[in-house]
Amino acid sequence: MNITDILNSDLPRIAVLFGGNSSEYPVSLSSGSAVLQAIDTSRFLPVPIGITKDGSWFLYTGDYEEIAADRWMRPEDCCPICFSGQQSSHGFLLSPSPENKDAHQSVFLSVRAVLPILHGKNGEDGTVQGLLALLGIPVIGCGILCSSLCMDKERAHQIASSLGISVPKSCVTCGEPSKEELSRIAGSLGYPLFVKPLRAGSSFGITCVQNEDQLFSAVQEALVYDNRILLEEKIEGFEVGCAIMGRNTLSPDQLIIGDVDEIELTDGFFDYTEKYTLKTSKIHVPARISSEKAAEIKDTAMRLYLGLDCDFFARVDMFLTPDGNIYFNEINTIPGFTSHSRFPGMMKSRGIDFASLVNQLIEMEVSDERNA
């Protein structure tokens, strides 16, 4: 579809953001491509907006398949986007592009809502949500406060603890701590332990440390992604997840909760490689646990979803110990969104296929008369 067709359509225009200035750029391309292909074009008009690694924004008019392959940045398929600065406009300015014959002058593109499919920093952490709020554009997804809190592992754990939900013992350091300080903190937590960037996603910069000899190098790796580092005790057991969909204004019984999934590991932990290749791990949906324990996990996830002010959709990750205790790990406010990702997998197990999932999320916003 060219720019003229987009501007002249009477369908609700739904902007889908993909890419982003983040280490998770490749993951976002795969998710964004899948979401765009799933949108029901008889009901909604997809407006693909790509963000490059250096943070430039473009309206993309090419084939969606090229996005996942990172071949979307061809000049003839991209029109630069500017921000109007007018909150009442609900949209973007398309700048002139000499390579794009449809863009001879600046024109305004209004959108009904934006669905950000951005992972990690500068997308999942409240920054884009804040920008869109300033532009007066509704967001299909978690808001500013929730996104910021869930990206910050320490503060998310503090809120979870205040809800009466167990969290791992941890300690946060700023900058590069001395080896003496690291040794003291690790001694109080015990080995093995995890060293994590405080605000990062997809397990980037995370190391499972078995002894003090590995500690300092693990901190150096984490500092690549954030200047604040979390040292956290390792919870024995396995990871379980819970996909939730629904507005935060709903009562708990109105939220849509997918089947609980379970991550089976052969060794190590569910790092970036395992998340996207499953070389030595498996994901079981539903999880191989009793129906009573699954119900308890769902209830815990629902309390976290509402307690952290999640909206539209999120994936709640927890640990289940051998003695049946549940520990909060983290909330992904924009989880992976391909047909084989965990969030869609949990919803599919409940009977909601990928295309239905995407279009139900959009319908939640389009049917909201407050933003019409």
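Visitor: What does I144 touch, leaving out residues up to four places away in sequence?

Guide: In this predicted model, I144 touches G126, Q129, G130 and A133 once residues up to four places away in sequence are left out.

Visitor: And where does I144 sit?

Guide: I144 belongs to helix α5.

Visitor: How far is I144 from Y225?

Guide: Their C-alpha atoms are separated by 21 Å. Along the chain, I144 and Y225 are 81 residues apart.

Visitor: Back to Q129. Where is that one?

Guide: Q129 is in helix α4. Q129 is buried, at 4% relative accessibility.

Visitor: What does Q129 touch, with residues up to four places away in sequence not counted?

Guide: The list for Q129 is G123, E124, C142, G143, I144, S147 and I334, with residues up to four places away in sequence not counted.

Visitor: Staying with α5, at what angle does it pack against α6?

Guide: The angle between α5 and α6, which covers residues 153–162, is about 105°, and their axes are 5 Å apart. So α5 is roughly perpendicular to α6, since angles from 65 to 115 degrees are put in that class.

Visitor: Which residues meet there?

Guide: From α5, L149, C150 and M151; from α6, K153, R155, A156 and I159. By class, this contact of α5 with α6 has five nonpolar and two charged residues, and no polar ones.

Visitor: Which other helices cross like that? Say, how do α2 and α12 cross?

Guide: The axes of α2 (residues 25–38) and α12 cross at roughly 85° and come within 9 Å. That makes α2 roughly perpendicular to α12. On the α2 side the contact is made by A34, V35 and A38, and on the α12 side by F354, A355, V358 and N359. The contact of α2 with α12 has six nonpolar residues, one polar and no charged.

Visitor: New topic, cavities. How many of 30 Å³ or more?

Guide: Two cavities of 30 Å³ or more are counted. The largest cavity holds about 110 Å³ of space.

Visitor: What lines the largest cavity?

Guide: There are 11 lining residues, and C150, M151, A200, E330 and I331 lie nearest the centre of the cavity. Helix α5 (144–151) and strand β17 (326–332) each supply at least two residues of the lining.

Visitor: Which classes make up that lining?

Guide: It has four nonpolar, four polar and three charged residues.

Visitor: Now α11. Which of its residues are buried?

Guide: Helix α11 runs over residues 342–350, and its buried residues are R342, F343, P344, M346 and M347.

Visitor: What covers them?

Guide: The cover includes the strands β12 (238–246), β13 (256–257), β14 (261–265), β15 (281–284) and β16 (312–320), together with helix α12 (354–366).

Visitor: What follows α11?

Guide: G351, which has a positive phi, near 110°.

Visitor: Which residues other than glycine have a positive phi?

Guide: N122 and D309 are among them. Most residues other than glycine have a negative phi. Phi of N122 is near 60°, and phi of D309 is near 65°.

Visitor: Where are N122 and D309?

Guide: N122 is in the loop between β7 (113–116) and α4 (127–134). D309 is in the loop between α10 and β16.

Visitor: How accessible is each?

Guide: N122 has a relative accessible area of 36% and is partly exposed. D309, at 38% relative accessibility, counts as partly exposed too.

Visitor: Where do P192 and P286 lie?

Guide: P192 is in the loop between α7 (179–189) and β9 (193–197). P286 is in the loop between β15 and α10 (291–307).

Technical notes. Residues numbered from 1 in each chain as written. Predicted model: local features only at pLDDT ≥ 70, side-chain atom pairs only at ≥ 80, totals over all residues. Heavy atoms only, no water. 1 Å grid on protein atoms, 1.4 Å probe; cavity = no way out; pocket = protein on both sides within 12 Å on 5 of 7 lines; lining within 4 Å. Points joined across faces, edges and corners; volume = space filled by probe spheres on them. Helix = DSSP H or I, 4+ residues; strand = E, 2+ residues; numbered from the N terminus. Nonpolar A, V, L, I, M, F, W, Y, C, P; charged D, E, K, R; others polar. Buried < 20%, exposed > 50% of the residue type's maximum accessible area, 1.4 Å probe, protein only. Contact = heavy atoms within 4.5 Å. Axes fitted to C-alpha atoms, helices over the stretch in contact; angles between N-to-C directions. Parallel < 35°, antiparallel > 145°, perpendicular 65-115°, else oblique.
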